[in-house]
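This report covers selected residues, helices and strands of one model. The sequence and structure are shown first.

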Amino acid sequence: MKKALIVWGGWDGHEPEQVAGIFAGLLGQERFEVEVADTLEVFGDREKLLSLDLIVPVWTMGQITQEQVDNVSAAVQNGTGLAGCHGGMCDSFRNNVDWQFMTGGQWVAHPGNDGVHYKVEIRSSSSPLVDGISDFDVCTEQYYLHYDPAVEILATTRFPIVDGPHAANKAVDMPVVWTKRWGHGRVYYNSLGHHADIVDLPSVKELMRRGFLWAADGKEIAQAALKDQAAVAGYSGMADSQL
């Protein structure tokens with residue numbers, strides 16, 4: 001049985017407890033052993049994190065210690081999957097660039113705030129993560145992100161819809177769903193999920209289910225690659241976040 005850790009907290013406006021509950025239900029249906037924590041202190045146990053198949057952060061606008069980030073980073077570098085959505089993963093810790101480097105991006109704006117009608121367009125891809133999923137419309141926040149050019153983009157949305165200073169630029173396709181690698185680990189992100197009702201939409205829930213499974217499946221592949229080797233010490237940050 002695969003093991004997953006869901007850690008929720010931070011800004012209540014994103015309904016982290018309710019979102020964590022939806023994710024716990026999804027993972028339970030996939031026969032994961034699921035632990036749910038409402039404190040970042042669980043990130044202080046590096047050996048525990050290394051033993052997991054999947055870490056799911058549901059934490060927005062919080063403060064994290066460099067040691068906690070380094071422990072999560074080490075686990076992912078050694079094969080533990082990391083998967084999450086919306087501000088719960090890519091607006092978790094604005095003061096920590098190492099977290100942003102690992103996750104692949106950082107929220108910077110949502111022009112029009114909540115209630116924007118827009119289309120999520122699935123990209124043609126060889127990835128099974130989006131097989132059979134059609135473009136769909138949502139009414140929620142539209143996330144404008146600064147993102148890593150190394151990510152593999154699986155779905156996008158077109159800006160601008162709402163007027164603002166960004167509209168003076170040409171139209172851009174902003175990632176909604178992406179994957180990336182961090183050492184031997186797999187990272188999955190979906191920018192949807194402002195409230196629990198958005199996470200609970202069939203297309204969003206299915207994207208998250210597939211992302212969780214893909215990220216967690218990387219652990220077995222990583223263990224094979226690391227066989228007869230010590231755990232990867234790996235990149236532990238530039239320490240700039242401590243300044």
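## M174 in strand β10

M174 is part of strand β10; here helices (H or I, at least four residues) and strands (E, at least two) are DSSP runs, numbered from the N terminus. The model is predicted: local features need pLDDT of at least 70, side-chain atom pairs count only at pLDDT 80 or more, and totals for chains, interfaces and linings use all residues. Residues are numbered from 1 along each chain as its sequence is written, and side-chain values use heavy atoms, with hydrogens and water left out.

With a relative accessibility of 4%, M174 counts as buried (buried means under 20% relative accessible area, exposed over 50%, partly exposed in between, with a 1.4 Å probe and protein chains only). Leaving aside residues up to four places away in sequence, M174 touches Y143, Y144, L145, Y147, A155, T156, T157 and F159, where contact means heavy atoms within 4.5 Å. L50 is 124 residues from M174 along the chain, and the C-alpha atoms of the two are separated by 33 Å.

## The sheet

An open sheet is formed by 9 strands in the order β2-β1-β3-β4-β11-β10-β9-β6-β7, with mixed pairing; two strands pair if DSSP finds at least two bridges between them. β2 and β7 stand at the edges with a single partner strand each, so one side of each has no neighbour in the sheet. From one strand to the next, the twist averages 20° (axes are lines fitted to C-alpha atoms, for helices over the stretch in contact, and angles run from 0 to 180 degrees between N-to-C directions).

Strands β10 (residues 172-182) and β11 (residues 185-190) run antiparallel and are joined by 6 bridges. Within this pairing, W178 has Y189 of β11 as its bridge partner.

## Q142 in a loop

Q142 sits in the loop between β7 (136-140) and β8 (144-147). At 1% relative accessibility, this residue counts as buried. Its side chain makes a polar contact with the side chain of T157 at 2.9 Å; a polar contact is a pair of N or O atoms within 3.5 Å, where within protein one must be able to donate a hydrogen and the other to accept it, and residues adjacent in sequence count only if both atoms are side-chain atoms. A polar atom of the Q142 side chain also lies 3.1 Å from the backbone oxygen of R158.

Not counting residues up to four places away in sequence, the residues touched by Q142 include A109, H110, P111, V116, Y118, F159 and I161.

## Helix α1

Helix α1 (residues 16-29) has 14 residues and reaches 20 Å from its first C-alpha to its last, close to the 20 Å expected at 1.5 Å a residue; the expected span is 1.5 Å times one less than the number of residues. Its buried residues are P16, V19, A20, I22, F23, L26 and L27. They cover an arc of only 160° around the axis, which puts them on the same side of α1 (the arc is that of the directions from the helix axis to the C-beta atoms).

α1 lies across β1, β2, β3 and β4, and runs at about 170° to β1. Besides these strands, its buried residues pack against α6 (196-199) and α7 (202-225). Just after α1, R31 takes a positive phi of about 65°.

## Helix α3

In helix α3 (residues 66-77), 11 of the 12 residues are buried, so the helix is largely enclosed by the rest of the structure. The end C-alpha atoms of α3 are 16 Å apart, in agreement with the 16 Å span at 1.5 Å a residue.

The buried residues of α3 pack against α2 (46-50), β3, β4, α5 (97-103), β10 and β11. Just after α3, G79 has a positive phi of about 115°.
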